[in-house]
Amino acid sequence: MSAPDVSVDAPPRTHDDSPFVRACRGLPHERVPVWFMRQAGRALAEYRAIREQHTFEQVVHTPELAAEVTLQPVRRYGVDAAILFSDIVTPVQALGLGVEIRPGVGPVVEQPFRQPSDLDRLRPLEPEHDLAFVLETVDLLVRELSVPLIGFAGAPFTVASYLIEGGPSKSYSRTKALMYGDEATWHRLMERLADITLASLSAQVAHGASAVQLFDSWAGALHPDDYVTYVLPHSRRVLAELGALGVPRIHFGVATGELLGAMAAGGAADVVGIDWRVPLAEGRRRVPTGIGIQGNLEPAVCLGPWEGVERRVRDVLAAADGAVDHVFNLGHGVLPATDPAVLQRVVELVHGEGRVGDHR
Ligand code: 1CP
């Protein structure tokens, strides 16, 4: 990697002129920006080498290690943005809720949330204290990076699903049982989680993150009416209040084809991430004009031969049609079995072929 482009004492750059930030704002720029959700992690041998020496929690809690792991995909792939290495449950873990990230499983909660009195366990987040290690990582990164840093947080519904289910889930039946069965407690839980999410994202931006992504990964498990009634108001409040900070806001969830219009409604997000199950042209139709789109190569395509990858990358670029407000990404995270060389070629192809304004 090239040497850091600013000295340690220089103020962080805002990267307002970068292709990524400009695309998020729908402003003209030279070429289609690209980054990958879950670009750091097990697909990279250099990540696995660090994980052989340290647990996931140790990496996240040690700013030098978390910053190094964040930089690895930027060096390897030449992506247009970095995403902070942390997890969506890190803020609630920092509140002492007994959350553990178990290898091969994901977040597991010792005593899941099951009753109204559990709300008392969720005190307000004080980021400068509770997330000092995360903010120190952000400080290190904004000095080192020559591309924008994306801060992120889990949206209230997705974080709630881990707290209530006690771990990853397929049906979200306990989460939905609380949602339908005790609306008052549900909304109070969502309000508190929204406050925590907002505090975490605001602090990341205050420390120099150039954009934020709100991951409502599991919102696609909801009926659209329920999403609008029980979830959207809380996510929208987070996004709307972040608006005052002036950085682009990306809103993403898996299998959210039927929710895209709602996720974009109200203009609280600047960009909506499109899951890989939705043809991008259809995703574009569902997200109102004036709001950007991010996505959406099917991640598993990268496990097949290059010819197939190349064709599908070109399909995504063609569907985006040279729009100024398209950010190229996968339609969900990098699969651990992916060959990093393939992702590197995807970046080269997008940079080489993805000209903005070609078709307008
Ligand atoms: O090394 C390991 O064994 C840990 C695997 C791992 C990694 C690399 C976990 C546990 N989290 C992370 C990092 C992470 N998580 C990042 C930063 C890395 C990057 O993007 O480059 C980010 C943005 C996340 C966000 C995250 N964590 C989401 C939203 C993104 C998505 O994939 O939808 C979710 C749902 C989680 C929960 C989580 N943490 C870890 C796992 C394996 C999971 C998913 C568990 C499940 O299926 O429910």
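Student: What share of the 360 residues of the chain count as buried?

Tutor: Of the 360 residues, 51% count as buried. The word has a cut-off: a residue is buried if 20 or more other C-beta atoms lie within 10 Å of its own, exposed if 12 or fewer, and partly exposed in between, with C-beta atoms placed from the backbone. Please keep in mind that this is a predicted model, where local features need pLDDT of at least 70, side-chain atom pairs count only at pLDDT 80 or more, and totals for chains, interfaces and linings use all residues. Residues are numbered from 1 along each chain as its sequence is written.

Student: What makes the chain as compact as a globular protein of its length?

Tutor: Let's begin with its parts: the secondary structure comes to 15 helices and 9 strands. Helices (H or I, at least four residues) and strands (E, at least two) are DSSP runs, numbered from the N terminus. The radius of gyration, taken over C-alpha atoms, is set against the globule rule, 2.2 Å times the number of residues to the power 0.38. The chain has 19 Å, close to the 21 Å that the rule gives for 360 residues, so it is as compact as a globular protein of that length.

Student: Why is Val-69 called buried?

Tutor: Val-69 has 25 C-beta neighbours inside 10 Å, and the cut-off is 20 or more, so Val-69 is buried. Val-69 lies in helix H4, residues 63-77. Leaving out residues up to four places away in sequence, Val-69 touches Ala-40, Tyr-47, Ile-50, Val-59 and Phe-85. Contact here means that two C-beta atoms, placed from the backbone, lie within 7 Å.

Student: Which residues are closest to the ligand?

Tutor: The closest are Ala-40, Gly-41, Gly-106, Pro-168 and Ser-217, among 22 residues that surround the ligand. A residue is near a molecule or strand if its C-beta atom, placed from the backbone, lies within 6 Å of it.

Student: Why are strand S1 and strand S9 called edge strands?

Tutor: An open sheet of 7 strands has the order S1-S4-S5-S6-S7-S8-S9, with parallel pairing. Strand S1 (82-83) and strand S9 (326-330) are its edge strands: each pairs on one side only. Two strands pair if DSSP finds at least two bridges between them. S1 and S4 have 2 bridges, and S4 and S5 have 5.

Student: Why is S4 said to be largely enclosed by the rest of the structure?

Tutor: Here 6 of the 6 residues of S4 are buried, so S4 is largely enclosed. Leu-149, Gly-151 and Ala-153 cover one side, and Ile-150, Phe-152 and Gly-154 the other.
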